[in-house]
Amino acid sequence: MPELRPTFPQGDARNTIVDAALTVFAAKGFHGAATRQIALAAGVSQPLLLHHFRSKEALWHVVGEQITSDFMAFMTEAVDVSLSPDDAITTMIRAYLSFWKERPLSFRFNLWRRLDGLQEERLSRSETMTRPVVALMQRAQATGFIRNDLPPGLAAIMGGAMVQFWLDSQLEIRAALAVTGDEGLSDEEIIDHIVRLLRTPR
């Protein structure tokens with residue numbers, strides 16, 4: 001089952017190419033991927049791929065824009081901004097974790113964006129994805145729920161970074177816990193810890 005919503009009309013071969021590109025980019029990053037590898041994964045010729053997408057850069061942009069679009073749609077539906085700040089922040093972090101956990105290829109692509117991606121695409125994506133989160137953090141700070149010794153943008157990024165660490169560092173987490181024999185945490189428990197780190201100390 002493809003992770004991305006169809007970018008083009010149903011039945012359009014370009015959707016198959018975009019799905020294949022996500023798979024290859026997730027495995028190899030931007031610089032490690034080649035259009036011939038993507039064409040092979042999609043079951044099309046390289047000339048056909050380049051007919052539809054003029055370059056690897058263009059294909060990277062299409063994949064990245066679709067992930068961002070899917071993310072924004074998911075978060076908009078999942079998070080009711082009219083909730084009280086404490087409920088809205090907890091719901092937002094839960095939805096953020098859920099989105100990436102359910103889309104491992106998109107999650108890996110997003111990691112590659114930071115390590116290896118095109119700078120202008122990364123900046124555009126970051127501005128689109130963080131603006132509503134920062135606004136929610138500002139509202140939560142105004143009510144005293146989120147600590148105000150951090151700029152709201154930094155609080156938003158720190159919350160997201162902790163979720164991403166939780167998702168991509170399970171091997172290291174298990175190894176660290178094994179040293180003392182401690183049990184692991186559930187997703188809900190880690191969400192609670194993240195919220196407590198961001199909230200105003202009592």
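Visitor: What percentage of the 202 residues of the protein count as buried?

Guide: The model is a predicted one, in which local features need pLDDT of at least 70, side-chain atom pairs count only at pLDDT 80 or more, and totals for chains, interfaces and linings use all residues. Residues are numbered from 1 along each chain as its sequence is written, and side-chain values use heavy atoms, with hydrogens and water left out. Buried means under 20% relative accessible area, exposed over 50%, and partly exposed in between, with a 1.4 Å probe and protein chains only. Of the 202 residues, the share that counts as buried is 42%.

Visitor: How many helices and how many strands does the secondary structure comprise?

Guide: Helices (H or I, at least four residues) and strands (E, at least two) are DSSP runs, numbered from the N terminus. Along the sequence the pattern reads α-α-α-α-α-α-α-α-α-α. The C-alpha trace spans about 60 × 40 × 30 Å along its principal axes. The totals are 10 helices and 0 strands.

Visitor: Among contacts between residues at least 6 apart in sequence, what percentage join residues at least 24 apart?

Guide: Contact means heavy atoms within 4.5 Å. Among the contacts between residues at least 6 apart in sequence, the share that joins residues at least 24 apart is 66%.

Visitor: Which residues does Ile93 contact, leaving aside neighbours within four places in sequence?

Guide: Ile93 is among the core members that touch the most others. Leaving aside neighbours within four places in sequence, its contacts are Val163, Ile191, Ile194, Val195 and Leu198.

Visitor: Why does Asn110 count as buried, and which residues does Asn110 touch beyond four places in sequence?

Guide: Asn110 is found in helix α6. Asn110 counts as buried because its relative accessibility is 3%. Not counting residues up to four places away, Asn110 touches Trp100 and Arg125.

Visitor: Is Leu105 buried or partly exposed, and which residues does Leu105 touch beyond four places in sequence?

Guide: Leu105 also lies in helix α6, and its relative accessibility of 29% makes it partly exposed. The C-alpha atoms of Leu105 and Ala27, 78 residues apart along the chain, are separated by 8.2 Å. Not counting residues up to four places away, Leu105 touches Glu3, Leu22, Thr23 and Ala26.

Visitor: What separates the C-alpha atoms of Thr23 and Pro2?

Guide: Thr23 is found in helix α1 and counts as partly exposed, at 39% relative accessibility. Thr23 and Pro2 are 21 residues apart along the chain, and their C-alpha atoms are separated by 9.7 Å.

Note on methods:
Core = buried A, V, L, I, M, F, W, Y, C linked by side-chain atoms within 4.5 Å.
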